[in-house]
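Morning, everyone. I have one model to walk through today. Let me put it on the screen.

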Amino acid sequence: MQGVILRIMDKFFCLHKWNTHAKKEIEWETEQKSLNPNTILLVKHHQTIEILVCEGCGKIKNIEY
């Protein structure tokens, strides 16, 4: 019974080493109007999407930051 519980715990709470499979970085700019009607501000945005694969069980995670 303990072996079954440990296998279930291992599948849900993977403690193996995760490797980066793919990483994509995206940058873009948007324009925002300020309180002054003649002023336009450029705001830079940065987003990274990373796909991780577990060495032990083969699970895949998609992380955005």
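Which ring does the charged end of K61 sit over? The ring of W18, with that charged end 4.5 Å from the ring centre. The criterion: NZ of Lys or CZ of Arg within 6 Å of the ring centre and within 35 degrees of the ring normal.

Ground rules next. This is a predicted model, where local features need pLDDT of at least 70 and side-chain atom pairs count only at pLDDT 80 or more, while totals for chains, interfaces and linings use all residues. Residues are numbered from 1 along each chain as its sequence is written, and side-chain values use heavy atoms, with hydrogens and water left out.

Now the sheet. It is open, with three strands in the order β1-β2-β3, paired antiparallel. β1 and β3 (60–64) are the edge strands, each pairing on one side only. From one strand to the next, the twist averages 15°. For the terms: strands are DSSP runs of E, at least two residues, numbered from the N terminus. Two strands pair if DSSP finds at least two bridges between them.

Take β1 with β2. They pair over 15 bridges, antiparallel. A22 has I51 as its bridge partner in β2, and E29 has K44.

On to β2 with β3. Five bridges join them, again antiparallel. L52 stands opposite K61 in β3. So much for the pairing; here is the turn. This hairpin has five residues between its strands, and G58 in the turn has a positive phi of about 85°.

Two residues in detail. Is T48 buried or exposed? T48 counts as buried because its relative accessibility is 3%; buried means under 20% relative accessible area, exposed over 50%, partly exposed in between, with a 1.4 Å probe and protein chains only. T48 is in strand β2 (residues 40–54). Leaving out residues up to four places away in sequence, T48 touches K23, K24, E25, I63, E64 and Y65. Contact here means heavy atoms within 4.5 Å.

Then E31, in strand β1 (residues 18–33). E31 is exposed, at a relative accessible area of 60%. Beyond neighbours within four places in sequence, E31 contacts I40, L41 and L42. E31 and L42 are eleven residues apart in sequence, yet 4.7 Å apart C-alpha to C-alpha.

Notes. Helices (H or I, at least four residues) and strands (E, at least two) are DSSP runs, numbered from the N terminus. Axes are lines fitted to C-alpha atoms, for helices over the stretch in contact, and angles run from 0 to 180 degrees between N-to-C directions.
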